[in-house]
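The report that follows is meant to be read beside the coordinates. Please keep the sequence and the structure open while going through each heading.

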Amino acid sequence: MPQRYDAILIGGGHNALVAAAYLARAGRRVVVLERRPLVGGAAVTEEIFPGFKFSVFSYVVSLLRPEIIRDLELPRHGLQILPLESTVVPLDNGDHLGLWSDPDQSRRELARHSPLDAEAAPLFGRLMHHMAMAVKPILAMVPPDPTSLAPSDLRGMLRFAGHFRSLGAERFHALHKLMTMASADYLDEWFELDCLKATKAASGIIGTFLGPRSPGSAYVLLHHYMGEIDGAFRAWGFQKGGTGAISEAIASAARAAGAEIRTEAPVERVLVRNGRATGVALGSGEELAAPVVVSGLDPRRTFLELVDRALLPEDVVTAIERFKFRGSSGKVNLALSELPNFSCLPGPGPHLRGAISISPSVDYLERAYDDAKYGEFSREPYMDVAIPSMIDPGMAPPGKHVLSAFVQYAPYQLNGGWSDARREAFGDAVVNTLARYAPNLPGAIIGRQVITPVDIERITGLSEGNIFQGELALSQLFFLRPLPAWASYRTPIRGYWQCGAGTHPGGGIMGASGRLAALEILKGSRA
Amino acid sequence: MLKTTPFHSRTAPLVQGQAWRRWAGYMVASAYELLHEREYAAIRNSAALLDVSPLYKYLVTGPDAVRLLDRMVTRNVTKCGLNQVMYTTWCDVRGKVIDDGTISRLGERQFRLTSAEPNLRWLSLNAAGLDAAIEEVSERIGALALQGPLSRAILAQLCDADLAGLKYFRLLQTTARGIPLTISRTGYTGDLGFELWVDASRAVELWDLLVQAGTAYGITPAGIWALDLARIEAGLVMLDVDYHSAQHALIPAQESSPLELGLEWTVSWDKGPYNGRSALRAERERGAAWRLAGLAVDWESLESLYREVGLPPQLPGIAWRTSVPVYRGGRQIGYASSGCWSPLLKQFLALAHLQAPHFAPGTPVRFELTVEHRRLQADARVVKLPFYDPARKRA
């Protein structure tokens with residue numbers, strides 16, 4: 001007799017852990033099955049070089065839902081978010097642009113470059129605040145199906161429509177622009193300073209296969225602003241011990257609620273009988289039974305690999321095959337013997353405790369995208385650099401440092417394919433680009449880990465290395481994520497559910513997909 | 001002009017926003033950086049370096065030093081071993097708290113008392129007929145608090161003493177690169193931490209040593225704003241904020257007993273006579289009328305009050321210290337005396353004085369909240385103190 005559970009969660013990523021915790025708290029007997037020896041999916045901390053710990057993939061937390069932090073009492077389980085304050089942009093002329101958390105300091109610094117932008121910035125911030133406030137409730141909402149006449153869908157659409165009506169004309173129009181425009185174009189309406197526009201636009205391209213001049217990139221800009229409206233709540237920053245410690249905190253909360261978590265337990269396939277999920281078969285041959293099976297994996301694996309596609313309607317199979325992943329980013333993790341010394345701000349200083357953005361101009365970003373469009377990695381990539389050991393000294397041996405560089409673009413589909421040599425060439429492009437701004441960097445490197453989208457896919461299982469489990473493009477959001485009619489965490493197979501970032505509201509260490517899926521499952525089982 | 005501490009030549013250049021606070025006639029940094037967030041984070045994440053020199057410090061020596069202190073304070077000082085530190089309150093004869101502080105046994109017949117306010121007169125009055133010398137050493141000794149999970153690792157760079165063996169509320173004498181030093185495993189943050197007591201003439205040298213040894217461990221000078229957040233999370237009361245000295249109270253309602261402050265554990269019931277003993281015994285018999293308790297404000301309730309005016313909750317960045325009414329069943333049953341938004345626990349917390357019987361953990365109460373100039377009430381509940389108590393504090 002296979003071991004029986006109320007619910008089985010496939011994959012130990014943060015969304016599945018969140019779902020497991022909510023289900024366990026509701027009294028369900030649940031098990032989480034993770035293929036790797038550690039939980040977290042793309043939110044893991046690993047000691048890649050002895051004494052040097054890295055948030056190997058996902059490296060900052062910005063959108064973790066406050067209600068999850070509260071419901072699961074995550075601070076009691078180890079959640080500790082440390083402030084990551086500034087963003088400094090080294091410029092090609094040897095100067096820099098600094099965006100600091102103190103408003104006076106930030107305004108003065110901006111005014112040095114553009115007095116007009118210095119005054120526009122807080123106004124832009126206020127608009128983004130209102131936009132984010134408008135969009136935020138949607139994060140906590142199961143997407144209604146706009147084509148359905150079911151009462152729950154109609155109610156959802158009414159809430160949705162009422163919500164937008166309440167915005168007023170001006171903000172509604174701004175929202176519409178954000179939803180459709182290119183971030184560079186949108187920012188042109190506000191600012192004149194190229195490096196400022198580039199740096200703000202950069203948050204609109206992270207994780208997507210879009211450039212700053214691609215329509216739709218403005219929405220991703222907004223997506224990243226959402227973390228900031230909980231400003232005082234401070235759910236964004238750097239997790240002590242790296243992002244793996246967030247996964248551990250959620251896992252600890254799940255265990256405390258009674259959930260079982262098994263690592264090195266890869267799921268081979270979901271067992272289906274008479275159109276109903278009945279359990280899973282593990283790689284070891286062991287079978288586990290449960291009336292509810294929840295996949296935390298991305299839509300391609302959930303629909304096309306874990307179940308026999310013959311069990312699914314043909315249109316669903318086709319639509320999932322068309323779902324866009326197209327991983328576009330890589331990561332370079334460096335172990336350093338000394339701090340990088342930036343020519344624009346020599347010596348140690350507060351800038352080394354914040355983000356360093358390699359985004360000197362909009363053209364620079366667009367050129368980086370041009371390389372990727374035609375199947376090459378960017379020769380001079382956009383980078384979001386952080387030195388986590390400056391914030392949490394425990395990440396490296398005393399006096400030594402770890403540097404994390406999120407790099408774009410590194411297309412999954414590289415001309416000629418990724419190889420060890422191509423990976424190292426990509427790593428060289430990253431180090432050489434950084435060395436232009438911090439010449440001592442190459443000599444300080446003790447260890448170097450270069451991660452391409454192919455590596456992300458190989459290690460975490462994320463299809464095509466897309467960090468969001470599928471692009472955050474408007475065509476793949478809300479009631480379209482991952483599919484029209486299957487955006488409510490269900491699948492065409494009864495008892496088989498999805499809870500990963502490939503469902504609404506999607507990527508980042510947010511946990512919202514996991515929570516909404518669990519609440520939907522619990523609602524279903526009550527009926 | 002306010003006085004400056006022995007560390008002033010080092011701290012002053014670091015205070016970016018000229019944010020100073022008065023403390024016992026001294027000026028100490030409220031915050032060194034423009035925002036105190038990182039200074040607070042250091043207390044819970046790496047190590048914060050705090051100048052606590054303004055504490056009043058008295059050396060009590062002589063054959064009757066134990067008797068003097070034991071007669072004065074509520075704790076049983078006869079049980080204080082060599083190199084032990086005791087936190088205690090002391091009361092007037094009516095059992096109302098005058099002050100609170102620590103007693104360190106530096107020698108068989110030598111103690112150091114720290115306090116928030118001047119206590120030379122009260123010590124002298126209590127010393128009547130006893131063979132004990134009292135000397136105020138406040139200005140002679142510089143005091144630093146090194147608080148946070150990496151504080152021990154930093155000190156270990158500087159001295160050979162057995163820091164791993166130094167238990168909570170114990171002290172040791174050592175030298176750090178030639179500077180004579182007393183290290184006590186004490187603090188006002190509720191975290192792993194130490195307080196360092198050094199001759200004022202060598203204070204600056206010690207500061208420099210610590211900063212040098214601590215840089216690789218993220219040592220961060222921290223001001224009073226950061227400390228205030230940590231002490232509220234740790235549920236530690238502050239004189240003149242959470243209670244008033246019985247020697248300054250103008251009316252009885254302004255006074256508090258140790259029982260009312262939740263400090264019953266510092267009161268010895270079986271030792272010999274001391275100030276306030278019979279009053280405290282009687283109070284224990286009938287039960288305290290008030291008690292200091294923790295309050296956690298319910299987030300959903302807070303959020304809904306702000307949502308009505310179209311705002312996300314506006315949370316205080318620094319700890320507040322104004323009196324806030326607390327209600328139950330439509331009637332005021334107490335007041336909060338200080339509180340903060342805990343950056344670590346992600347909770348809106350307060351220390352509150354509640355009337356019996358409303359102080360049992362779990363009791364639902366209402367907390368007055370001013371939202372856009374309107375006085376409203378948010379749901380809150382009584383929670384056990386301390387709010388935050390990491391294992392490493394004692395481990």
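## A buried residue with positive phi, and its loop

Gln469(A) has 32 C-beta neighbours inside 10 Å and therefore counts as buried, a residue being buried if 20 or more other C-beta atoms lie within 10 Å of its own, exposed if 12 or fewer and partly exposed in between, with C-beta atoms placed from the backbone. Although Gln469(A) is not a glycine, its phi is positive, at about 60°. Gln469(A) sits in the loop between helix 17 (453-460) and strand 20 (496-498) of chain A, where helices (H or I, at least four residues) and strands (E, at least two) are DSSP runs numbered from the N terminus.

Ala485(A) is placed in the loop between helix 17 and strand 20 of chain A, and this residue other than glycine has a positive phi near 75°. With 15 C-beta neighbours inside 10 Å, Ala485(A) counts as partly exposed.

## Basis of the model

This is a predicted model, in which local features need pLDDT of at least 70 and side-chain atom pairs count only at pLDDT 80 or more, while totals for chains, interfaces and linings use all residues. Residues are numbered from 1 along each chain as its sequence is written, and chains are lettered from A and ligands numbered from 1 in the order in which they are written.

## The two chains

Chain A contains 18 helices and 20 strands. Its radius of gyration is 23 Å, close to the 24 Å that the globule rule gives for 527 residues, so chain A is as compact as a globular protein of that length; the radius is taken over C-alpha atoms, and the rule is 2.2 Å times the number of residues to the power 0.38. Buried residues make up 55% of the 527 residues in chain A.

Chain B comes to nine helices and 19 strands. For chain B the radius of gyration is 21 Å, close to the 21 Å from the globule rule for 395 residues, so chain B is as compact as a globular protein of that length. Of its 395 residues, 49% count as buried.

## Helix packing in chain A

The axes of helix 4 (residues 115-139) and helix 6 (residues 169-180) of chain A come within 10 Å and cross at roughly 85°, the axes being lines fitted to C-alpha atoms over the stretch in contact, with angles from 0 to 180 degrees between N-to-C directions. Helix 4 and helix 6 of chain A are therefore roughly perpendicular to each other, as angles under 35 degrees count as roughly parallel, over 145 as roughly antiparallel, 65 to 115 as roughly perpendicular and the rest as oblique. Helix 4 of chain A contributes Leu127(A), His130(A), Met131(A) and Ala134(A) to the contact, and helix 6 of chain A contributes Arg171(A), Ala174(A), Leu175(A) and Leu178(A), two residues being in contact if their C-beta atoms, placed from the backbone, lie within 7 Å.

## Cis peptide bonds

The peptide bond from Gln408(A) to Tyr409(A) is cis, with omega near 20°. In chain B, a cis peptide bond with omega about -5° joins Leu385(B) and Pro386(B).
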